[in-house]
Amino acid sequence: MRKLVLMAVIAGGLVVAAPVDAQNAGASLDARVTQVEKRLNTVERVLSRTSGGAPMVQPDIGPPDGSVAAAGTPATAPLTDLQARVASVEGEVSGLTNRVETAEHRLQQLDMDFAAYKKATDARLRALEDGRATADAPAALSDGPAPVRPARPAATTPKPAAAADPGRADRLAAVPKPTGADAPDKGTYAYNYGYRLWKAGLYPEAEAQFDKYATRFPKHRLVSRAQNVLGLVYLDDGKPKEAAEIFYTNYSKLPDGDRASDSLLNLARALTALKRPAADVCQVYKELGDVYGDKLTPAQRADADKGRATYKCK
């Protein structure tokens with residue numbers, strides 16, 4: 001920029017000794033130099049805005065190397081050369097301005113495309129969570145995980161029929177209740193007791209225990225684990241549909257929970273039990289890799305690889 005101003009000063013010095021028409025040309029040249037400076041400033045501001053405030057590299061614009069004209073040479077020849085050089089600089093600035101405007105337009109278009117993609121994805125996830133796709137409509141799951149409806153209320157949880165199973169009361173009494181350090185923590189107590197009921201094969205009692213846990217301790221530190229175990233209880237109890245709902249809800253509501261990735265793997269198991277299309281199961285494995293990737297344990301990764309191989313997922 002300083003060199004451009006210096007050109008104008010030199011041109012002004014030449015004009016002093018030139019005839020009246022050369023002086024008029026010098027005035028016109030000075031206006032053109034001023035215009036070039038303004039356009040360069042505009043380009044610098046645009047580049048600074050698109051580059052996120054990164055430091056700009058100042059252009060080094062100067063006259064080409066050449067011999068100095070001998071004394072006595074008419075002033076019009078250097079002035080003509082200077083006008084040609086300024087015209088060249090103007091052309092380059094104009095081209096640079098066009099390129100910057102094109103780049104800025106492309107960035108705006110990319111922002112618009114990303115906003116549209118985000119809106120469509122959010123709408124799709126909301127539709128899945130609200131249960132707009134039913135479990136008996138496979139086409140609704142051709143490009144997404146299993147549809148999810150809210151978990152079944154605790155009031156509808158089946159209760160054990162003592163008359164039909166006289167020894168059930170003894171089996172229930174044989175399950176030890178938590179004691180020791182975890183006993184004062186009611187949330188931990190409820191979780192551990194539900195877990196022991198599940199391991200004892202008392203599935204209806206375990207379901208009731210975990211439903212009560214979810215109602216009383218929705219913010220407890222073990223809630224992600226509890227929901228994942230509840231899904232396993234449903235799966236072992238021959239209720240894959242309810243299990244799929246629980247697994248997906250646990251993943252979608254608590255994606256950072258310590259059993260969210262396990263719930264996705266178990267969701268694939270539930271869909272397999274429901275005899276869902278391979279595309280649905282493969283979509284779950286794809287979601288697992290996209291969201292958790294390197295965070296998966298070796299056992300989880302091996303389980304997912306085995307499932308992909310079984311369903312020939314791409």
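User: How many salt bridges does the structure hold?

Analyst: The structure holds eight salt bridges, each being a side-chain nitrogen of Lys or Arg within 4 Å of a carboxyl oxygen of Asp or Glu. In this predicted model, local features need pLDDT of at least 70, side-chain atom pairs count only at pLDDT 80 or more, and totals for chains, interfaces and linings use all residues. Residues are numbered from 1 along each chain as its sequence is written, and side-chain values use heavy atoms, with hydrogens and water left out.

User: Which residue forms a salt bridge with Glu205?

Analyst: Arg168 does, with the closest N and O atoms 2.7 Å apart. This pair links distant parts of the chain, 37 residues apart: Glu205 lies in helix 6 (residues 203-216) and Arg168 in helix 4 (residues 168-174). Helices here are DSSP runs (H or I, at least four residues), numbered from the N terminus.

User: Are Glu205 and Arg168 buried or exposed?

Analyst: Both are buried. Buried means under 20% relative accessible area, exposed over 50%, and partly exposed in between (1.4 Å probe, protein chains only).

User: And what about Asp290 and Lys286?

Analyst: Their side chains meet in a salt bridge at 2.8 Å, N to O. Asp290 and Lys286 are separated by about one helical turn, because they are four residues apart in helix 10 (residues 278-292). Asp290 counts as exposed because its relative accessibility is 54%, whereas Lys286, at 47%, is partly exposed.

User: Where are Arg308 and Asp305?

Analyst: They are three residues apart in helix 11 (residues 298-311), and they form a salt bridge with the closest N and O atoms 3.0 Å apart.

How values were computed: Helix = DSSP H or I, 4+ residues; strand = E, 2+ residues; numbered from the N terminus.
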